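Thanks for making the time this morning; I would like to walk you through one structure, beginning with a sheet and then turning to a few individual residues. Please have the model open while I talk.

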Amino acid sequence: MKKIFSLSIAAALVFAACGEEEIQIDNSSVSLSAETVVAAPEGGIYDIVVTSDSDWRVSGFCEWARPLAESGKSGETLKIEVDPSNSRKILTTEFKVFSGSAVKTVEVRSNPSFILDLLTENEVEFSSAEASLSIKLDTNVPEIEPAFSGTGSGWVEFVDRQEVFGKTILSFNVKANETYVGRETELTLSGEGKSASVKISQAQLDAIITDTPKVVHTGLDASSVTFDVRANVDFTFELPSWLTLESQKAGAKGEDGLTTHTITLSFGENAASRVADLNFVSGGKILLQVSVKQQNPNAVLFNITDMVLRQELVRKGWILASDSSTECELLEPGMTGTSLEISTSSWSKLNVKVIDGLDNFPALETLTLKKLNVETLNLDKCVKLNTLTVSELNRLKEVVLGNCPVTVFSTYLGGRYSYDYFEASSLTISSENLTEVNVSSESYYLSYYDICAEIDVAGCPKLAILKAKRETTDWYGDVICHLEKLYISKDQKAAIDAGTLTVEKPAKTELAVR
């Protein structure tokens, strides 16, 4: 019995001993007065006090930094030596401090010698338009802060930073200056104790403005008009012969940068309305247009059907009109003009389809029409018109001359490659005074474009000469003629028989009596 008890006690003691080994606690500890060393570019020796429960040791290797002791006791100083930096970048390394099983990390950072050198001009100027600004730097500053003087941050904004071939490019956007005064700001770029500055200037928005773009005097008497323009630039303007500059006075500059100029123009008595567009020019650019009009209180109003014709007559200053109405007002050049040309010098024809209303130009004697898409030509009441010249009116369908005193009408240009073909299937010509009509053509283009099969001159009672030989030959020598019929009146047929009306026509073309 005793023996069993002894064995039990022995086993219990063994079990107790094993239990004590499992719950042993490691009390190792280490702490540092600083876990980061930030070294200046020139390097140096930096101290860290190590507190530990036992002796400590250091591990780690770096070419440009090193601990000056491999171990020490609690409370002693770990000295870390950092070499002067020869890099343009921030260098980092780590050392570990051990005490028993405890460990702490020391991060060492070696700062470079920071530079921030401006490689572009330190003064830049911009026009009033929106623009881009690029600033080139030689720098190793990782974060650059832009700052603006005055209101600069409101109109210059940072866009991005790029590293290009070892250099730094900062991009900015310069907003358009919509004010009438210039502006400037100083942009300061800074970081890591370095800075550089750029002076940015932006020009004013050049302007000449007015509250009265249309100045009207109602009355044909001699008088004057006065109006104001405001400007922040020097300007000039040219006057037509009927306007005279009576005075121009400049006031004080306003807070908006604009100076008020009061302009008085005088003019004499006149027989009809007249208008002038005054262009105010600065730096070779038209910045303002003011319309000055002497208005006939009893304006002569009439209608012109074709919008493009109205536009051409407005451009020539003969009428006032709009694109939305056929109504026109007669101006002085239209009242007194004796010669008028409607034409174009471009390859494409001017898209005037109807010509009418020219009888409202009371002095018109000579009319030239060239390279137009005219289909209807109505000059019935142009009672002073005596000379009419037309060419390349290829879409012509109807010519109404009525009592117009013109005696000769000719579309003939002559030559193998002339453009006297007709793209309409028929042409009618009527006049009380025409004695000669020449619609002949020997153009090669008759083969391709001409479709005129009928020409009617029965409405020309005084006709003595009719030339309508419209035929040509193609490359194979074959005769080409599309004109099938010439319509004449009974009286004209009698005149042909009597020999007082001569007719030239292709052999295949029939004379048909209406």
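This is a predicted model: local features need pLDDT of at least 70, side-chain atom pairs count only at pLDDT 80 or more; totals for chains, interfaces and linings use all residues.

Let me start with an open sheet of 4 strands, in which the order is β11-β17-β16-β13 and the pairing is mixed. At its edges are β11, covering 123-126, and β13, covering 145-148, each of which pairs on one side only. Going from one strand to the next, the twist averages 25 degrees.

Next, consider Ser171, which sits in strand β15, residues 167-174. Is Ser171 buried or exposed? Its relative accessible area is 17%, and because the cut-off for buried is under 20%, Ser171 counts as buried. If we leave aside neighbours within four places in sequence, the residues in contact with Ser171 are Leu133, Ser134, Glu157, Phe158, Val159 and Asp160.

Finally, let us move to Tyr476, which is found in the loop between β40 (472-473) and β41 (479-480). Tyr476 counts as exposed because its relative accessibility is 74%, where the cut-off is over 50%. Together with Tyr417, Tyr448, Tyr449 and Trp475, Tyr476 makes a nonpolar surface patch of about 740 Å².

Definitions and conventions: Residues are numbered from 1 along each chain as its sequence is written. Side-chain values use heavy atoms; hydrogens and water are left out. Patches are made of residues with over 30% relative accessible area and no salt bridge: like charges are joined within 9 Å, nonpolar side chains (Val, Leu, Ile, Met, Phe, Trp, Tyr) within 5 Å. Accessible areas come from the Shrake-Rupley method with a 1.4 Å probe; for residues, only the protein chains shown count as cover. A salt bridge is a side-chain nitrogen of Lys or Arg within 4 Å of a carboxyl oxygen of Asp or Glu. Helices (H or I, at least four residues) and strands (E, at least two) are DSSP runs, numbered from the N terminus. Buried means under 20% relative accessible area, exposed over 50%, partly exposed in between (1.4 Å probe, protein chains only). Contact means heavy atoms within 4.5 Å. Two strands pair if DSSP finds at least two bridges between them. Axes are lines fitted to C-alpha atoms, for helices over the stretch in contact, and angles run from 0 to 180 degrees between N-to-C directions.
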